Amino acid sequence: MTDDRKPTSRGVDLTIDIDATLEEVWQALTTGQGIARWFAPHAEVTPGEGGSVSIGWDPKEMWGQPITVWEPHQRMQTAGEMPAADGRMVRLAVDYYVEARGGRVRVRLVHSGFDDSSWDDYIDGLDAGWAYFLFNLKHSLERHRGLDRRQESARFRTTARPGEDHPVFGEKGLNVRPPVGGLRPGDSCRLVLGGADVDATVAVRHPPRTVAFVVPAWNDALLFVEREGMKETHQLGMWLSLYGVPEASIAPLREGLADVALRFTLSGG
């Protein structure tokens, strides 16, 4: 029996320009310390073709992929297999291309390898996630160059009705004003977390999956809210990236994330 599934052009192909040197961008993409400043907070890299990149949001749960292309200051590719909906294994690759352009660096990210089976929802989720992470890469290099990141987070199982603003953005949650459903990148708003009512700017928006805010009062921190799945019952993650913020200021924000999670976590979730 033969498998007649064919690779397609479907996937993620995103580009961003960064005000940094080629060396700074390459280090951010290809070293553990660099990756931890904008992507997963725990990262390890064995450089070179045949090496590996391991990442995790929990140091006890690291996920590794081999490096299949290594062209210093030009391109790195990682690749691995993932099961399709019918159980077959499909080889997916992530390519990072970097190029100096007029005093800036262009980063192009390509996530490819999808066949012609049902990947649409998964690809949409990748598009939302990668758009945020590339913004975080740019933000960390341009606004917080050389600073390590402190990430505070809450992830919990919750519910939201399709087609409506997520209840986590209401009065009992982050309380974003004006309503998050009408916000787009560049829009100003206010949000409440940990007892602080602060100005914010929408950095990235991929409705209804994700939204990210830059918060000047917290030294231009990034607050990313991610709906993981489009079913009514799903996981929701809130990820706060802080750079150069003292512990005394972080503690109430950590408690605020925990309070929101407590209010919205499903019983037994």
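This report describes a sheet, the helices packed on it, and a further helix.

The model is predicted, and local features need pLDDT of at least 70, side-chain atom pairs count only at pLDDT 80 or more, and totals for chains, interfaces and linings use all residues. Residues are numbered from 1 along each chain as its sequence is written, and side-chain values use heavy atoms, with hydrogens and water left out.

Helices (H or I, at least four residues) and strands (E, at least two) are DSSP runs numbered from the N terminus. Two strands pair if DSSP finds at least two bridges between them. Seven strands, "7 strands" in the order S1-S7-S6-S5-S4-S3-S2, form an open sheet with antiparallel pairing. Its edge strands, S1 (12-18) and S2 (42-46), each pair on one side only.

Axes are lines fitted to C-alpha atoms, for helices over the stretch in contact, and angles run from 0 to 180 degrees between N-to-C directions.

| Helix | Strands touched | Angle |
|---|---|---|
| H1 (residues 22-30) | S1, S2, S4, S5, S6, S7 | about 160 degrees with S6 |
| H3 (residues 120-143) | S1, S5, S6, S7 | about 10 degrees with S1 |

The buried residues (under 20% relative accessible area, 1.4 Å probe, protein chains only) of helix H4 include Ile 250, Leu 253 and Leu 257. Seen down the axis of H4, the buried residues fall within an arc of 135 degrees, taken from the directions from the helix axis to the C-beta atoms, so they line one face of the helix. On the other side, Ala 248, Glu 255, Leu 262 and Arg 263 are exposed, that is, over 50%. The buried residues of H4 pack against strands S8 (149-159), S9 (188-193) and S13 (233-243).

Definitions and conventions
Contact = heavy atoms within 4.5 Å.
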